[in-house]
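Hi everyone, thanks for coming.

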Amino acid sequence: MQPQSAVEIHEQFIRGQRSARSIAEHFLGVISKHDNQIQSFLSVFADRALKKADELDQKRNSSGSLGKLAGVPIAIKDNI
């Protein structure tokens, strides 16, 4: 997948072009592949991320209200 902005990822999710699960799996794969070299993640909650992605997919499919960042993965810096 080519690098995309958060807006592009969100729009693809909202339009149904990509599922939240596929987005989460992609970025978890990137973390898994590269983090052993750069060690930038102290904790990765893959199971929780996939569970939340599945819930978000269900919500979109049932026409539930979706937030402005729905489908967009985030990472939080530990010094906050």
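This is a predicted model: local features need pLDDT of at least 70, side-chain atom pairs count only at pLDDT 80 or more; totals for chains, interfaces and linings use all residues.

I'll start with the whole thing, then go helix by helix, and finish with a few single residues.

First, some housekeeping. Residues are numbered from 1 along each chain as its sequence is written, and side-chain values use heavy atoms, with hydrogens and water left out.

Okay, the overview. The protein has three helices and zero strands, and reading along the sequence you get the pattern α-α-α. When I say helix, I mean a DSSP run of H or I with at least four residues, while a strand is a run of E with at least two, and both are numbered from the N terminus. The C-alpha atoms fill a box of roughly 40 × 25 × 20 Å, taken along the principal axes.

How much of the protein is buried? Of the 80 residues, 21% are. Buried here is under 20% relative accessible area, exposed is over 50%, and partly exposed is in between, using a 1.4 Å probe and protein chains only. Now contacts, meaning heavy atoms within 4.5 Å. Take the contacts with a separation of 6 or more: residues 24 or more positions apart account for 63% of them.

Next, the middle of the protein. Which residues make up the largest nonpolar core? There are 10 of them: I9, F13, A20, I23, A24, L28, L50, A53, A70 and V72. A nonpolar core is a set of buried Ala, Val, Leu, Ile, Met, Phe, Trp, Tyr and Cys residues joined through side-chain atoms within 4.5 Å. Helix 1 (6–15), helix 2 (20–38) and helix 3 (46–61) each supply at least two residues of this core. Helix 2 gives the most, with four.

Let's look at helix 1. Its buried residues are I9, H10, Q12 and F13. Why do we say they line one face? Seen down the axis of helix 1, the buried residues fall within an arc of 160°, so one face is what they line. That arc is taken from the directions from the helix axis to the C-beta atoms. As a reminder, an α-helix has 3.6 residues a turn, so residues three or four places apart point the same way. On the face turned away from the buried side of helix 1, you'll find the exposed residues V7 and R15. The cover over the buried residues of helix 1 includes helix 2 and helix 3. Just after helix 1 comes G16, with a positive phi of about 85°.

Leaving out residues up to four places away in sequence, I9 touches Q4, I23, F27, G71, V72 and P73. Then there's H10, buried with a relative accessible area of 16%. With neighbours up to four places away again left out, H10 touches G67, K68, L69, A70 and V72. The side chain of H10 also reaches the backbone oxygen of K68 at 3.4 Å. That's a polar contact: a pair of N or O atoms within 3.5 Å, where within protein one must be able to donate a hydrogen and the other to accept it, and residues adjacent in sequence count only if both atoms are side-chain atoms.

E11, also found in helix 1, is partly exposed, with a relative accessible area of 34%.

On to helix 2. Helix 2 has 19 residues and reaches 26 Å from its first C-alpha to its last, close to the 27 Å expected at 1.5 Å a residue; that expected span is 1.5 Å times one less than the number of residues. Where does helix 2 bend? At S32, by about 30°, which is the angle between axes fitted to the seven residues ending there and the seven starting there. Buried in helix 2 are A20, I23, A24, L28 and D35, and what covers them includes helix 1 and helix 3. By contrast, K33 in helix 2 is exposed, at 59% relative accessible area.

Last stop: Q39, in the loop between helix 2 and helix 3. Q39 has a positive phi of about 45° although it is not a glycine, and at 63% relative accessibility, Q39 counts as exposed.
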